[in-house]
Amino acid sequence: SLDSAQGGIFAYRRFDSKGGEVAVLLNFTPYRICKYSLGVSHGGTWHELISSDSAQFGGGGVENGEVVAAPVRGMSPPYSLSVDLPPLGAVVLEYTK
């Protein structure tokens, strides 16, 4: 997990017994954060399950859709997501096998 309390962003990952992974990112600032990086265990495509800023919830429409995790040499976890975070919002992404 990443706790950027001074920056107002909290991010964590959860795993199931079958190797599934979800990433939860919370932005407690009143600003949109573009291209926020989060390390993850799986490379490839991640699907956005929810953005609290989705127009269906009356938000401004900051959404990611699908995001591809890129390899990061010499880092752990070995892959990184680049995610747009809505102001005062949450994003949940799920690894798609």
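**View 1. Phe 28 and its aromatic partner Phe 10.** Phe 28 is exposed, with a relative accessible area of 52%; by the cut-offs used, buried means under 20% relative accessible area, exposed over 50%, and partly exposed in between (1.4 Å probe, protein chains only). The model is predicted, so local features need pLDDT of at least 70, side-chain atom pairs count only at pLDDT 80 or more, and totals for chains, interfaces and linings use all residues. Residues are numbered from 1 along each chain as its sequence is written, and side-chain values use heavy atoms, with hydrogens and water left out. Two aromatic pairs are present in the structure. In the pair shown here, the ring centres of Phe 10 and Phe 28 are 5.5 Å apart and the planes stand at 80 degrees, so the pair is edge-to-face. Rings of Phe, Tyr and Trp (its six-membered ring) pair if their centres lie within 6.5 Å; planes under 30 degrees apart count as stacked, over 60 as edge-to-face and the rest as tilted. Because Phe 10 lies in strand E2 and Phe 28 in the loop between E3 and E4, the pair ties together parts that are 18 residues apart in sequence. Helices (H or I, at least four residues) and strands (E, at least two) are DSSP runs, numbered from the N terminus. Phe 10 itself is partly exposed, at 27% relative accessibility.

**View 2. The largest nonpolar core.** This core has 16 residues, and those with the most contacts inside it are Leu 25, Trp 46, Leu 81, Leu 85 and Leu 93. A nonpolar core is a set of buried Ala, Val, Leu, Ile, Met, Phe, Trp, Tyr and Cys residues joined through side-chain atoms within 4.5 Å. Two or more residues come from each of strands E2 (9–15), E3 (21–27), E4 (33–40), E6 (66–71), E7 (79–85) and E8 (89–95).

**View 3. Surroundings of Leu 25.** Leaving out residues up to four places away in sequence, Leu 25 touches Phe 10, Ala 11, Tyr 36, Leu 38, Leu 85, Gly 89, Ala 90, Val 91 and Leu 93. Contact means heavy atoms within 4.5 Å.

**View 4. The cis peptide bond between Ser 76 and Pro 77.** Pro 77 sits in the loop between E6 and E7.

**View 5. Positive phi at Lys 35.** Lys 35, a residue other than glycine, has phi near 60 degrees. Lys 35 belongs to strand E4 and is exposed, at 62% relative accessibility.

**View 6. Positive phi at Leu 88.** Phi of Leu 88 is near 50 degrees. Leu 88 lies in the loop between E7 and E8, and its relative accessibility of 61% counts as exposed.
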